Amino acid sequence: MSDLSKLTIAAARDALKKGDVTSVELTEACLAEIDAADALGAFVHKTPDIAMEQAKAADARTDGGDLNGIPLGIKDLFCTKGVASQAASRILDGFKPEYESTVTTQLFDQGAVMLGKLNMDEFAMGSSNETSVYGNAVNPWKAGAAELTPGGSSGGSASAVAADLCLGATGTDTGGSIRQPAAFTGITGIKPTYGRVSRWGIVAFASSLDQAGPMTKDVRDAAIMLRAMSGHDPKDSTSADLAVPDFEAALTGDIRGKTIGIPKEYRMDGMPAEIEKLWEDGTAMLRDAGARIVDITLPHTKYALPAYYVIAPAEASSNLARYDGVRFGHRATLAAGDGITEMYEKTRAEGFGDEVQRRVMIGTYVLSAGFYDAYYNRARKVRTLIKQDFEAVFADGVDAILTPATPSAAFELGQKFDDPVQMYLNDVFTVTVNLAGLPGIAVPAGVDAQGLPLGLQLIGRPWEEGDLLNTAYALEQAAGFVAKPARWW
Amino acid sequence: MSIDTETARRVAKLARIKVEEADLPELANEFSAILGFIEQLNEVDVDGVEPMTSVTPQRLKRREDVVTDGDQPQAVLKNAPDAREGFFAVPKVVE
């Protein structure tokens with residue numbers, strides 16, 4: 001079988017079960033693709049020995065599940081035992097965890113194969129994968145000579161899946177870090193309901209917003225992989241003790257009678273005409289599939305980004321306090337007479353990149369005496385209002401909400417790097433979902449005038465990922481997006 | 001709100017991040033731009049609104065307050081930049 005790395009998880013699963021292919025063959029095909037794709041900067045720690053060992057074990061297993069023998073990439077944010085896990089930060093240089101994250105434990109227990117660790121923005125702070133200590137991840141899609149961002153923070157995951165270096169990848173999403181890169185690279189990515197997937201062993205950014213999820217070649221694969229990643233974990237007190245449904249079984253493609261809301265507040269000033277057109281086309285596709293389309297209002301949408309840029313840095317400043325040069329990672333070389341305070345200050349100045357320093361300090365400021373109420377508590381109140389906006393439309397019978405995934409197609413690397421606020425605007429359509437704890441999925445739905453992929457986002461009711469995935473499946477079938485990037489790497 | 005150099009210096013100190021004196025004015029400018037963006041929140045009427053503490057209504061799980069893990073000092077110290085005699089080592093803290 002040729003082009004094994006291009007297979008979907010579902011197709012590889014079926015071929016493995018029939019004996020048409022082995023996991024060793026799939027894994028070797030992916031490893032060869034990875035070695036030929038260094039120009040994409042997607043894989044930053046390759047683990048071919050672990051991959052081959054896991055592939056052989058998978059081939060020897062007779063009772064394997066859906067992911068048995070499936071080669072995956074793992075975002076660098078996940079702690080993987082004995083394998084570098086440094087959140088793309090200099091401050092975790094050399095860190096090799098003595099433990100395995102719950103998500104990767106579950107994936108490996110189900111027979112998945114780890115090809116290596118994937119590039120990302122440092123501590124998942126960024127929307128372009130340009131803050132990584134490893135250098136940029138690059139989008140396999142191109143419109144001209146310039147290299148484009150794959151988005152961020154899960155930029156390496158997006159690039160690797162879009163370029164067929166692996167069959168699927170893990171991502172994490174705090175404000176859009178699965179959905180924005182998925183949209184920029186023409187793949188599918190779902191952020192599940194907050195609490196669906198354990199956060200244990202995932203380097204924390206903003207604990208009340210962080211959720212892991214799959215990034216895959218299509219909706220069916222997202223359903224398969226999400227089920228494997230989900231479930232209650234006693235080691236994460238916020239993980240929900242709820243049964244995990246068979247999400248793949250929910251994919252009937254039948255959305256007749258479903259109600260889809262179109263929020264007027266997402267029609268932003270200055271929105272590119274092709275994004276507006278994509279959104280209208282997507283709306284028509286769902287209507288043609290039998291859904292009822294209703295206009296809805298989510299009045300506090302405008303305030304989601306500013307609330308996020310209080311809450312996320314505040315939580316980050318607290319979470320990142322642990323990087324002090326004592327227990328793991330980088331410690332600065334000290335001058336004669338330096339005490340412990342100088343050690344902390346020099347270590348953190350050397351170890352954190354500019355964007356991480358900026359967010360830690362903003363977080364420190366909004367939590368500091370005298371400003372806590374004005375910034376942090378006000379942002380948490382606005383967060384309550386944003387969640388109530390969604391609760392009101394769901395109470396009115398809306399099953400899912402359709403929006404654009406991003407305000408533009410992938411942009412050139414370097415284009416927005418010097419203006420933090422412009423960069424933050426990338427998450428304008430995705431960040432509300434994290435603040436409200438809801439599931440959201442990005443599905444490729446078309447291309448722009450330059451031939452670059454564009455995505456639509458569907459937002460679902462809490463804990464109803466199966467229903468959401470089915471609506472996404474119907475949209476995927478109607479959109480019929482099959483374009484692939486032309487190989488240049 | 002405009003952030004001055006003195007405030008930037010104080011925040012850097014609180015965050016335990018060394019910032020060179022020459023870099024403080026630019027840092028203050030960046031903070032001012034970001035805080036300017038955040039100030040939109042002042043337009044929202046939040047009277048009587050509870051600040052969110054948990055995004056899902058479920059009660060956090062409790063566990064027995066007992067030791068469940070331990071006796072692995074080598075694993076704990078494995079990644080330390082400086083570990084000696086079973087301890088993390090740091091510069092002298094007290095005279």
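User: In which loop of chain A is the place of A:E248?

Analyst: This is a predicted model, in which local features need pLDDT of at least 70, side-chain atom pairs count only at pLDDT 80 or more, and totals for chains, interfaces and linings use all residues. Residues are numbered from 1 along each chain as its sequence is written, chains are lettered from A and ligands numbered from 1 in the order in which they are written, and side-chain values use heavy atoms, with hydrogens and water left out. Helices (H or I, at least four residues) and strands (E, at least two) are DSSP runs, numbered from the N terminus. On that numbering, A:E248 lies in the loop between helix 7 (219–229) and strand 7 (259–263) of chain A.

User: Is A:E248 buried or exposed?

Analyst: Buried means under 20% relative accessible area, exposed means over 50%, and partly exposed is in between (1.4 Å probe, protein chains only). Because the relative accessible area of A:E248 is 15%, this residue is buried.

User: Which residues is A:E248 in contact with, leaving aside its neighbours within four places in sequence?

Analyst: Contact means heavy atoms within 4.5 Å. A:A222 is 26 residues from A:E248 in sequence, and the two are 8.6 Å apart in space, C-alpha to C-alpha. With neighbours within four places in sequence left aside, the contacts of A:E248 are A:R13, A:D66, A:R220, A:A223 and A:I224.

User: At what angle do helix 11 and helix 12 of chain A pack?

Analyst: Axes are lines fitted to C-alpha atoms, for helices over the stretch in contact, and angles run from 0 to 180 degrees between N-to-C directions. Angles under 35 degrees count as roughly parallel, over 145 as roughly antiparallel, 65 to 115 as roughly perpendicular and the rest as oblique. The axes of helix 11 (residues 354–367) and helix 12 (residues 372–395) of chain A are 7 Å apart, and the angle is about 105°. Helix 11 of chain A is therefore roughly perpendicular to helix 12 of chain A.

User: Which residues in helix 12 of chain A do A:Y365, A:V366 and A:L367 meet?

Analyst: Ala, Val, Leu, Ile, Met, Phe, Trp, Tyr, Cys and Pro count as nonpolar, Asp, Glu, Lys and Arg as charged, and the others, Gly among them, as polar. By class, the contact between helix 11 and helix 12 of chain A has six nonpolar, no polar and no charged residues. The residues in helix 12 of chain A that meet A:Y365, A:V366 and A:L367 of helix 11 are A:Y372, A:Y375 and A:Y376.

User: Which residues lie nearest the centre of the largest pocket?

Analyst: On a 1 Å grid over the protein atoms alone, a cavity is a set of points where a 1.4 Å probe fits but cannot get out, and a pocket is an open set with protein on both sides within 12 Å along at least five of seven lines, while lining residues have an atom within 4 Å of a point. About 820 Å³ of space lies in the largest pocket, and its lining has 14 nonpolar, five polar and seven charged residues. Of the 26 residues in that lining, those nearest the centre are A:F95, A:E98, A:Y99, A:W200 and A:F328.

User: Where is A:A124 found, and what is its relative accessibility?

Analyst: A:A124 is found in the loop between strand 3 and helix 5 of chain A, and its phi is near 65°, a positive value in a residue other than glycine. A:A124 counts as buried because its relative accessibility is 3%.

Definitions and conventions: Grid points are joined across faces, edges and corners, and a volume is the space filled by probe spheres set on the points.
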